[in-house]
Amino acid sequence: MQIVKYGVLSGLVLAAAACTPVAPWQRGVLAKPHMALNPNPIDAVMRNHNYSSREAAPAGMAGMGGGCGCY
Amino acid sequence: MKPPLRVWPGWGGAVAATDSQKSALKALTLAALALPGLMSAGNAAAEEDEVAFQFSHYQEGRRNLAGVESNLKPIEVESLYGFGRVSLTDRIKFIFNYTQDTWSGATPITTAPVVANSNRPIVASRDGETVIAGASPFISSRVFLDRDFNLLSQDPSTGRAAGVDPAAVHVMSMASPEIRRQGDINLGYEWDESAVNWGFGGSVEDDYFSWFSSLNGRLDFNQKLTSLNMGFSYTGSDIQANFDHDAATYIDKVAFQHQISRTLSKETIRGGRSDASWNLGLTQIITKSALATASLGYTHSQGYLENPYKAMTIIFADPDPLVINPSNPDGLVGDVRAFLEQRPDHRNQWQVGAGYVQHIGLLDAALHANYQFFQDDWDIHAHTFRLEWIQPVATTWTVTPRFRYYSQSAADFYKPFLLSKQAHNRLDFDPDSGEISITPFDRDKLPDNFSSDHRLSAYGALSGGIVVNKRIAKGLALEAGFEYYTHQGSLRLDGEGENSFADFDFFVANANLKVNLSTLGRALADGGQAHAHHHHHGAPAPAGVMFSHLIPAGQTMVGYRYMWSRQAGDMLRGTAYASDADIVRNGCTAGFTGRCRVNPIEMNMGMHMLDLMYAPYDWLNLMLMPQFMDMDMNVRMLDGVRYNAMKDHLHIHETGGVGDLGMYALFRLFSSANHNANLSLGVTAPTGSVDETLRRIHRIDKGLIHYGMQLGSGTWDFKPSLTYTGVDGTWSWGAQMNGTVRMESSNESGYALGNAFQSSAWGGYNVLSWLTASLRWAFTYQGQIQGQFYPTPGVADGRLVDNVNMGSRANPSVGAMDFPGSYGGRYWDVGFGLSAVVPNGSFQGHRFGVEWLQPVMDDVNGYQQARVGALSATWGLMF
C-alpha cells in the first residue's frame with residue numbers, strides 16, 4: 001500500500017538524520033521563536049480551517065474542531 | 001508567581017546574538033534545562049503566556065458559469081479569532097480559543113451539463129432595454145442526447161438538436177449570512193520530561209452543532225533530543241439543515257426520507273456523525289540548527305457524512321422511448337433531475353507527514369519544509385507540500401514568505417453529473433386495453449453513492465502568501481498576512497484533473513495583535529513598584545462605562561470588551577403592551593399593503609471590541625477601538641395573519657462582521673487624590689456595512705435586511721463624553737454623560753440612525769481590596785431613524801422591479817422593525833457590576849469587569865420589542 005511506502009520512507013529519513021548529538025547548551029538556536037514547529041500558530045488556525053473546508057484531506061494533524069464549512 | 005524565565009525571551013525573535021550574549025545564553029540554557037518542559041525537541045521554542053486577537057477576511061472570486069452573467073456575490077467570510085494561553089502554575093497551562101465566522105454568498109448547489117441551461121439568466125425588460133439581472137438556479141429541465149448518450153447542444157433559433165457538448169457547469173445558489181461560533185478550552189500539565197494536554201470545545205451553527213474533545217501526551221527522551229507525541233480526539237456532530245426554499249421542491253430526497261421532517265414553513269434533514277482521530281508524532285533534534293518531525297494519523301468518520309446542501313444531477317434517458325421528439329428525431333430526450341448527494345456512511349483516513357526545520361545562520365532565518373500524504377477509502381490520495389522562510393529583519397520585524405501546493409485524486413463516487421439509461425417516468429401504451437401506464441425509474445439502477453461536490457474531484461491547488469510581523473512595543477506584536485489560493489483541475493500532480501468549470505480562487509487577508517503576557521509580567525515585576533499606585537488610582541468604573549479613566553504617560557493598555565444585548569417577549573407601543581392586532585393594523589402603515597405580517601420573537605446582538613490605548617502624556621490618551629458584530633433575529637407570523645409560503649420568510653436571520661471603527665482622544669480635565677474628571681472626544685468611521693441583504697427566496701429578491709441588523713451606522717459619528725469619578729477609602733462613585741451625533745444626514749443606504757444621549761451615575765464599594773461591586777443608574781435617549789432605505793432593485797418572479805425591500809409591492813412580508821419610526825426611544829436601566837484588579841498570581845495586574853444592565857422602563861418610538869437586558873464583560877492590561 002502506498003501509505004506504508006511513504007511511512008517507511010519518512011521514517012528512514014529521520015533515522016538517518018538523527019545521529020549528531022546536540023548538547024543542551026547548544027540548543028539556543030533551536031529555541032528561537034521562528035524555529036518553532038508551528039511558528040505562526042494564530043494565523044495557522046485560520047489557514048487550516050480554510051484549507052479543510054476547501055479540500056478533501058484535512059489540514060493539520062491534530063484534528064480538533066467542528067463545524068460544517070458547508071460553503 | 002511569575003512564569004519561569006525562558007531561554008531566548010526575545011519575543012518576535014529578531015535578536016542576533018553577540019559573543020557575550022552567547023555565553024550568557026549558554027548559562028541560561030543550562031539553567032533552563034532544569035525547568036520543566038523546556039527545550040525538549042517537541043517544544044523547542046518555549047511557549048510563553050499570550051493573548052491574541054485576529055481578524056480575517058476570506059474572499060472568493062467569481063466562478064465561470066459558462067457565459068451566464070450572474071449577479072450573485074461570491075462567498076466571503078469574516079472571521080474573528082481570540083486566543084489565550086496562561087500558566088496557572090509553573091506546570092499547569094490553560095489555553096482557550098474562540099472563533100466566530102460569518103459567511104455569505106453563492107455556492108454551487110450541484111453541477112449540471114451546460115446544455116441543461118441550469119443557471120438560467122433572469123432577463124428583464126425595463127424602459128425598453130433588456131437587463132440581465134443575474135442567474136437563478138433551475139435544476140430540472142430537459143436535454144437532447146444522441147443514441148450513444150452524448151449530450152447535444154440546441155440550436156438557439158430552431159430549438160433543434162445540434163452538435164455534441166459534454167461540458168459541465170456549477171449551478172449556483174445564494175445563501176443569506178450565517179454565523180458559526182466555536183470555542184474550546186485546554187488544560188495542560190507538564191512534568192520534567194513529559195506533558196499531557198486535555199481539550200474540550202464546541203462549534204455552533206444554526207444548522208450544525210459539534211462538540212469535541214482531545215487528549216494529547218508528549219514524552220521526551222534521549223536527553224530531550226527526541227520527543228514522542230500521541231493524541232486522540234473525538235468529534236460528535238448533529239446536523240439539522242433546512243433545505244433551500246427554491247431548490248427543495250426540485251430535489252429528490254427519497255433516500256433520506258426517514259431523516260426529513262416538515263413543518264408549514266420549512267423542510268429539515270437531521271443527521272449525526274462522529275469523527276475519531278489518532279495521531280502519533282516524533283520530533284528529533286538533528287543538529288544544533290535543525291530538527292525534523294514525522295507524523296502518522298488515522299481518522300475514522302461515520303454517520304451522515306453528506307453535505308445537506310449539495311445535490312447530484314442525474315440525467316434520465318430512456319434508450320427505447322415511446323415517443324420521438326421532433327427536434328431531435330435521431331436521438332433521445334434526457335430528463336434532468338437532482339438528488340441529494342449520497343456519500344458512504346464510513347470513511348477511513350490515513351495521513352503520513354514529515355517536516356524539517358533548518359536555521360540559516362548567516363541570515364538568522366528559518367526554513368520550514370513539510371510534506372504530507374493523505375489517503376482514504378473513498379479512493380482519495382492527496383499530497384501537500386509546504387515551504388516557509390521566516391526572516392527576521394531589523395530587530396523588530398519578521399517577514400515570512402510562504403508557498404503551498406496541494407494535489408488530490410477524486411473520490412470514487414465523484415462525478416460532475418450522472419447518466420441513467422432509463423426513463424425517469426416511463427409511459428407505456430397498452431394497445432389491447434388502450435390504457436397508458438407510468439413506470440417510475442428503478443432506484444436500484446442508480447449507484448449507491450454519488451456526489452458532485454468539486455472538493456471531492458481531482459485537482460491541484462497552489463497558494464502563496466506573506467506574513468509580516470512587527471514588534472510594536474515590549475510584549476506587543478502586530479501581524480498582517482495575505483494569501484492567494486487557486487484551485488484548478490489542471491494543477492493536479494499528473495495534470496489530469498477535473499475540467500476548468502470547477503476552478504475557483506480566493507484570497508485571505510488577516511491581521512492580528514499578540515500580547516505576550518510573560519514579557520509583560522517580567523516588565524511589571526521589574527517596574528512593579530513604580531506602577532503599583534496606578535492600579536489603585538481610583539476604583540474601576542462599572543464594565544458598561546467606557547472612557548472613565550486615563551492611563552499615565554508612556555503606558556499602553558490592551559483591552560477587550562464584549563457587549564451582548566437581547567430583546568424578547570412583549571411588544572411595546574410607547575410604554576404600554578402592544579397586541580398583535582394593533583401591530584398588524586398600525587405598525588406598518590408606511591408599507592405597500594399598510595399591514596404588518598411578521599413580528600420578532602427575539603433579537604440578540606453581540607459586539608466584540610478591542611481597546612487599544614496609548615498615553616503620550618498624562619493629560620492625553622489616544623484610543624483605537626475596532627469592533628466586530630454579530631446579530632440574529634427570529635421572526636413569527638403575527639396572530640391573525642395567514643402564513644404564505646411564497647411570501648413569508650420565517651427563518652432566523654443572522655448578520656455579522658466588522659463594525660464601525662472608533663477613534664478617541666481622552667483629556668484629563670482635573671485630577672486630585674479623590675476626584676478625577678475627563679473629557680473624551682471621538683469619532684466612529686463607517687467601516688461596518690449597511691447593505692446587508694437577505695437572499696432571494698421563491699424567485700423574489702428580499703432586499704436589505706432590517707435596519708437594526710446592519711453592522712454599522714453607515715455615517716461618520718461624533719462621540720463626546722464627560723466623566724467624573726471620585727473615591728474615598730473603600731467607596732467610589734462617578735457620573736458620565738455621553739452622546740452620539742451623526743455627522744451625515746444619510747448613509748450609503750439612504751438613512752441615518754438617530755442621535756443618542758446617555759447619562760449615568762454609579763456608586764461602588766470595595767468588597768475586597770481588589771474587588772469592587774457597583775450599582776449604576778442609566779438613562780438613554782435615542783432618536784428615531786432619519787430617512788429610509790433607498791429602493792433596492794431586484795428580481796421578482798422573473799421581472800426586474802425597482803424595489804424589493806421589505807414592505808415593497810414585490811416583498812410585502814414586513815414587520816414594524818422594517819420602518820424607521822420604530823427605532824429609538826427613552827430607556828431607563830439599573831446596572832449591577834463587579835470589577836476586579838487581580839492583585840497577584842498569573843493574572844497579576846489584569847483588570848476584569850462584568851455588568852448586567854437591567855431594564856427598568858422602556859418608552860419606545862413606534863412598535864418595539866421589550867429589552868431583556870445587556871451584558872458587558874471587559875478585560876484589560878496596562879503596561
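A residue is called buried here if 20 or more other C-beta atoms lie within 10 Å of its own, exposed if 12 or fewer, and partly exposed in between, with the C-beta atoms placed from the backbone. What we have is a predicted model, in which local features need pLDDT of at least 70 and side-chain atom pairs count only at pLDDT 80 or more, while totals for chains, interfaces and linings use all residues. Residues are numbered from 1 along each chain as its sequence is written, and chains are lettered from A and ligands numbered from 1 in the order in which they are written.

B:Asn222 has 13 C-beta neighbours inside 10 Å, so it counts as partly exposed. B:Lys224 has 22 C-beta neighbours inside 10 Å and therefore counts as buried. B:Asn222 sits in the loop between β11 (208-221) and β12 (226-242) of chain B, and B:Lys224 lies in the loop between β11 and β12 too. Helices (H or I, at least four residues) and strands (E, at least two) are DSSP runs, numbered from the N terminus.

Most residues other than glycine have a negative phi. Against that, phi of B:Asn222 is near 60°, and B:Lys224 has a positive phi of about 60° without being a glycine.

**Chain B overall**

Chain B contains five helices and 47 strands. A compact globule of 879 residues would have a radius of gyration near 29 Å, and chain B has 31 Å, which agrees; the radius is taken over C-alpha atoms, and the globule rule is 2.2 Å times the number of residues to the power 0.38. Along the principal axes, the C-alpha atoms of chain B fill a box of roughly 105 × 75 × 45 Å. Of the 879 residues in chain B, 47% are buried.

Two residues are in contact if their C-beta atoms, placed from the backbone, lie within 7 Å. Take the contacts in chain B between residues at least 6 apart in sequence: 70% of them join residues at least 24 apart.

**Strands and their partners**

Two strands pair if DSSP finds at least two bridges between them. Here are some of the pairs in chain B.

| Strand | Partner strand | Sense | Bridges |
|---|---|---|---|
| β29 (556-574) | β31 (598-617) | antiparallel | 13 |
| β31(B) | β33 (627-637) | antiparallel | 11 |
| β31(B) | β32 (620-625) | antiparallel | four |
| β6 (141-145) | β18 (332-340) | antiparallel | five |
| β6(B) | β7 (151-154) | antiparallel | two |

Around β31(B), B:Met563 has B:Met607 as its bridge partner, and B:Met607 in turn has B:Met629 of β33(B) as a bridge partner. B:Tyr614 stands opposite B:Leu622 in β32(B). A hairpin with two residues between its strands is formed by β31(B) and β32(B).

**Two nonpolar cores**

A nonpolar core is a set of buried Ala, Val, Leu, Ile, Met, Phe, Trp, Tyr and Cys residues joined through C-beta atoms within 7 Å. The largest one has 66 residues, and B:Ala112, B:Val143, B:Leu145, B:Ile315 and B:Ala411 touch the most other members. Leaving aside neighbours within four places in sequence, B:Val143 is in contact with B:Pro113, B:Val115, B:Ala116, B:Leu151, B:Ile315, B:Gly334 and B:Val336. A second, separate core of 63 residues includes B:Ala578, B:Cys588, B:Met629 and B:Leu638.

Another buried spot is B:Ser118, which has 30 other C-beta atoms within 10 Å. B:Ser118 belongs to the loop between β3 (92-113) and β4 (119-126) of chain B. The C-alpha atoms of B:Ser118 and B:Met172 are 9.0 Å apart, though 54 residues separate the two along the chain.

**Chain A and its covered helix**

Chain A has two helices and zero strands, and 54% of its 71 residues are buried. At 1.5 Å a residue, the 14 residues of helix α2 (residues 41-54) should span 20 Å, and the end C-alpha atoms are 20 Å apart, which agrees; the expected span is 1.5 Å times one less than the number of residues.

The buried residues of α2(A) are A:Ile42, A:Asp43, A:Val45, A:Met46, A:Arg47, A:His49, A:Asn50 and A:Arg54. What covers the buried residues of α2(A)? The cover includes β1 (50-60), β2 (76-87), β26 (459-473), β27 (476-488) and β28 (504-516) of chain B.
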